[in-house]
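Open the model in your viewer and keep the sequence panel beside it. We will go from stop to stop, selecting a few residues each time.

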Amino acid sequence: MIYFQLLSTVIATISCRTHGYRPIQYGGAAGCAPARNEASTYITSMAASQQGEPAEQLDRRRTQQRESYCRPSLRGFHLADREHLVSMATGRLVEVYLDLLSQPCRAIQILLSCTKIPHRVHRVALRKGEHRTAEFSKLNPMQKVPVLVDGGFVLTESDAILKYLANKYDIPEHWYPWQPERRARVDEYVAWHHTNTRPHAAKVFLLEVLLPAQFGAQVDQDRLERALLELDATLDKLESMFLRRQPFLCGDDITLADLLAVCELMQPLGGGRDVLKDRPQLQRWRSRVQSALGESFNEAHAVLFAVRDRRQAKL
């Protein structure tokens with residue numbers, strides 16, 4: 001028995017290395033997984049090959065890259081993520097509780113839809129107080145969305161949920177890279193996001209849409225002007241720090257950082273305000289993100305667009 005296990009391991013090792021994978025052991029069985037630096041090597045070579053290319057050819061290359069963003073990954077298919085296979089085989093779904101008027105909820109919805117992770121969405125209407133019901137409070141005593149339920153595992157907080165999905169399920173590596181430096185860049189933006197992009201964009205929507213709708217009051221123009229100035233400073237940093245000489249916030253590929261940022265910067269559109277209107281660099285970035293996400297982007301933002309349309313119809 002030991003002889004056959006050893007022989008199986010040797011054969012698997014030779015086969016893996018022949019095809020450019022790394023051999024791994026799991027529960028006594030031998031299998032293959034992609035080399036950890038495979039994706040980063042590819043991206044590096046792509047970036048190097050793009051030096052000095054005409055703009056049209058460069059755009060064509062990047063378009064070809066983006067066409068694969070919303071396809072399920074074949075990463076580790078030789079010994080694929082066991083939980084992903086179990087969920088596919090048994091029909092088990094990841095359950096998520098979302099309100100798509102919430103920016104982080106939209107990011108989770110887009111990732112699930114784009115990567116084809118089997119899931120079921122439960123709508124929680126914050127405006128109706130559904131997050132305060134006894135049933136939902138048992139699920140999340142903090143009475144907030146989003147919430148993820150995977151089997152018996154319950155998880156809250158959008159960042160934790162996005163990273164959990166990227167780590168556990170077999171999705172394209174670019175979303176949350178394995179390579180430590182590239183992953184750290186995503187973590188760096190996400191940490192910055194919650195004290196900059198998120199509060200400043202959300203405040204504009206709050207002052208221009210939510211508070212007037214809730215209390216029937218006029219927009220406080222002084223507070224709104226201050227909020228717009230704060231948001232402008234954040235947009236300056238996005239351009240000068242994160243989008244300097246690269247197409248996406250953390251490099252040549254779309255990541256969780258872009259997903260969180262674009263959902264946040266779309267939010268003021270609910271009040272008819274495009275905060276990127278006079279910023280061509282950020283407009284081009286938004287177009288690249290939308291192109292990469294395809295229909296998943298439009299579906300997740302349908303609720304926000306409906307709010308905008310209803311508001312404009314009343315003006």
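Select strand S3 (residues 94-98) and S5: the two run antiparallel, joined by 3 bridges. Strands here are DSSP runs of type E with at least two residues, helices are runs of H or I with at least four, and both are numbered from the N terminus. Two strands count as paired if DSSP finds at least two bridges between them. Now pick Glu 95; its bridge partner in S5 is Val 149.

This is a predicted model, so local features need pLDDT of at least 70 and side-chain atom pairs count only at pLDDT 80 or more, while totals for chains, interfaces and linings use all residues. Residues are numbered from 1 along each chain as its sequence is written, and side-chain values use heavy atoms, leaving out hydrogens and water.

Stay on S5, residues 147-150. Which way do its side chains point? Val 147 and Val 149 go one way, Leu 148 and Asp 150 the other. All of them are buried, that is, under 20% relative accessible area; exposed means over 50%, and partly exposed lies in between (1.4 Å probe, protein chains only).

S5 and S6 pair in the antiparallel sense over 4 bridges. Leu 148 stands opposite Leu 155 in S6. The two strands form a hairpin with 2 residues between them. Click Gly 151 in the turn: its phi is positive, about 70°.

Next, go to the other side of S3. Strand S4 runs parallel to S3, with 5 bridges between them. Val 96 has Val 121 as its bridge partner in S4.

Show the four strands together. They form an open sheet in the order S4-S3-S5-S6, with mixed pairing. S4 (119-123) and S6 are the edge strands, each pairing on one side only. From one strand to the next, the twist averages 20°. Strands of a sheet pair through backbone hydrogen bonds, either parallel or antiparallel.

Select helix H7 (residues 158-168). H7 lies across S3, S5 and S6, and runs at about 130° to S6. Axes are lines fitted to C-alpha atoms, for helices over the stretch in contact, and angles run from 0 to 180 degrees between N-to-C directions.

Now visit the loops. Val 145 and Pro 146 are joined by a cis peptide bond, with omega about 5°. Pro 146 sits in the loop between helix H6 (134-139) and S5.

Lys 116 is in the loop between helix H5 (103-115) and S4. Lys 116 has a positive phi of about 65°, although it is not a glycine. Is Lys 116 partly exposed or buried? Lys 116 counts as partly exposed because its relative accessibility is 48%.

Arg 245 lies in the loop between helix H10 (221-242) and H11. Its phi is also positive, near 60°. At 76% relative accessibility, Arg 245 counts as exposed.

Move to helix H8 (residues 180-193) and helix H11 (residues 256-266). Their axes come within 8 Å and cross at roughly 25°. So H8 is roughly parallel to H11; that label covers angles under 35 degrees, with over 145 roughly antiparallel, 65 to 115 roughly perpendicular and the rest oblique.

Last stop: Ser 296, in helix H13 (residues 295-300). Ser 296 is buried, with a relative accessible area of 11%. Leaving aside neighbours within four places in sequence, Ser 296 is in contact (heavy atoms within 4.5 Å) with Ile 110, Ser 113 and Cys 114.
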